[in-house]
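Hi,

Here is the structure I promised to pass on to you.

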Amino acid sequence: MIDATELTKKFGDKVAVEGLSFSVRSGTVTGFLGPNGAGKSTTMRLILGLDHPTSGRTMVNGRSYLSTKAPMHEVGALLEAKSVHPGRTARNHLRALAATHGISPKRVDEVIGLVGLSDVATKRTGAFSLGMSQRLGLAAALLGDPETLILDEPINGLDPEGVAWVRSLVKHLASEGRTIFISSHLMSEMALTADYVIIIGRGRLIVDAAMSDLINQASGQVVKVRSPDATDIADAVSHSGRSVTWTDDRCLLISGLTSEALGKEAARRGWVLYELTPVQRSLEEIYMELTDSVQEFHAGAQARALGPRPEDSEAADPPVRTDPVMTPASMVVPANMPPPILGTEHAMRPPTGLLDSPFHGEQPLEPRRARRAWGGQ
Amino acid sequence: MATIETTPTRTYKLTFFRIFRSEWIKLFTLRSTWWILALTVVANIGISIALASILKWVESEAAAHAGVGTRPGGAPVTIGPGDLGTLSGLVVQSCGFVGQLVFIILSILVITNEYSSGMIRSTLTVAPRRGRVLVAKLLVIAILCVLVFSVSMAIGWWGGYQIAHGMVGLDVVLTSTTSMRVLGGFIAEMVLIAWMCFGLGAWIRSTAASIGVAVGLLLVLPMIITIFTNTFANAGTLSGWRKWLVDGSAYLPTNAGNAVTADPVSDTAILQPWQGLVVLAVWTVVVLIIAGIITKRRDV
């Protein structure tokens, strides 16, 4: 469990983090997202006491990290992968860290095996690739059997197998009641891994919500309609001030209305509907939209994913664009709010690929505090 | 649903002794530590034996030309008892050449290495109380310093004795007060200087800059001032800033350290041995306090 309260960090004039409050619950995987320079790494360093906050404070498992008796058992952290002396072997690096807490060399070898570094354990780390360094960093983080894991971009440089391994590892650890706080720029991976999402931009909180809420709220308000009365519907909807766009297969994309609302309206007015589908949006799209205004470093217009939707991309028509579904401010959901029950809508919608992760609607009820050693995956 | 709260068994715990062990492992899992320390011991012993051999040669040459001036028109040279100093002083002087420089650099690297490689983030994540980490490192340096110099001096003294025993000019008594002061004082001086250099490293964080400052303060500055001092000494009595410079230079860390092992001790010396030790200790403590405050306050 991690709590940040009104956290502010300034480097000279530059504000890295400003008034940031959030909490990361145990038994969950919480994704920490934001553009480059948003303050993610700084926030993680503040939690670990490596940087001192200008104001505000952070607590780990209800205590200040500095005052914990067994820091490695409280928190395992992977910050930059290359936080290692290049002249030391992987095993000796881990032995030195383990020695601070009286962790046995047996446990060191166990962790080396777990992260798949057994073959190179006696090689000096200076020759390690990024992927191997990441694995070594993960090994260091896991050494003390920690209650909380703080991982900054842990899957950078990992091969697909490694990415899948990290995903299953963190889910497994969360299922044991541990707290996982993980930052990444790979949205598809985050959508698969995280139960909760904290998005920051320019050091400020943009979103703190359950992943399923975020996607449902953002998605539920764009509906796709196929109807012989499409022209009438389009007129009526645009009269009500909502935005309507035509797709090239003569369907309507309507934003600002739920499928329930439109369905009732159709029944009242006698419109025939062949198809009425809430459009499932990807975490990436939602993320881009939410952080668009706070990008620290713009890579140029083509980098924005908010352009034409995939089904419109070949159209010769002017690019179809749905209006922003929600403003960032409206998205801030209190972290401790129970996930709204969206069962009916859920049942109506067929699974649509990646985003229908097993997390939907099944948050762990009682975080278990099982303390067993991790065997293989 | 009933939940069973199992309290995790906390066998893992951070203690000072364990941080010390970790620091010890860190130092000795770098290959460079091994060979640099081995070379230091070999150099210390080698130089001690070489110097003893040279003195023995000097004495035998003098004896062969007894009564004959070494310089044209000079006075006859006769070497009396103790004229060539003590064997302990010789050993200390020998160990000072390479040993001091090695420990200046080694104790700086112990900390600046961590900053340059990023290892410091790993270190301070697992041991977030920074003061304790610094003290553990100081302890490692001190133990290493005592070990390396004890071994070098013991073997160097023994080797020197094999060559020099029976010499008239060299005092080869180990157990005299002077001998014990010189040998013990040298180890204390080396530990204090190593600690001060570690403090500079923790304060400055960059390897190159720290070594620059340490070498400048400990080796170059005293040398430059000696040049001035010698010039003034030729000019007769000193007054004003010249006197202040000459007197003040005695308080530089290296010169204060040299006072500790001075042999023989001059009555007119500005610092007596124990005063030299105190002055050096004050330098070290001041640098370490600044280093401690900066390490605690600054982000890593």
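The loop between α5 (130–142) and β6 (148–152) of chain A holds A:D145. This is a predicted model, and in it A:D145 has a positive phi of about 55 degrees although the residue is not a glycine. Is A:D145 buried or exposed? With 21 C-beta neighbours inside 10 Å, A:D145 counts as buried, because the cut-off for that is 20 or more.

A:E6 is another non-glycine residue with a positive phi, here near 45 degrees. You will find A:E6 in strand β1 (residues 2–11) of chain A. A:E6 has 12 other C-beta atoms within 10 Å, so this residue is exposed.

Next, the nonpolar cores. The largest one has 161 residues, and those that touch the most other members are A:L94, A:A139, A:L143, A:V197, B:I108, B:A194 and B:F198. Helix α6 (residues 177–204) of chain B gives this core its largest share, 16 residues. Apart from this core lies another, of 11 residues, including A:V244, A:I254, A:L257 and A:L262.

Which residues does A:L143 touch? Leaving out residues up to four places away in sequence, A:L143 touches A:M72, A:G76, A:L94, A:L97, A:A98, A:I103, A:R107, A:V108 and A:V111.

One last thing, over in chain B: the peptide bond from B:D263 to B:P264 is cis, with omega near 0 degrees. B:P264 sits in the loop between α9 (253–260) and α10 (273–297) of chain B.

Enjoy looking around!

Best wishes

Note on methods: Residues numbered from 1 in each chain as written. Chains lettered and ligands numbered in written order. Predicted model: local features only at pLDDT ≥ 70, side-chain atom pairs only at ≥ 80, totals over all residues. Helix = DSSP H or I, 4+ residues; strand = E, 2+ residues; numbered from the N terminus. Core = buried A, V, L, I, M, F, W, Y, C linked by C-beta atoms within 7 Å. Contact = placed C-beta atoms within 7 Å.
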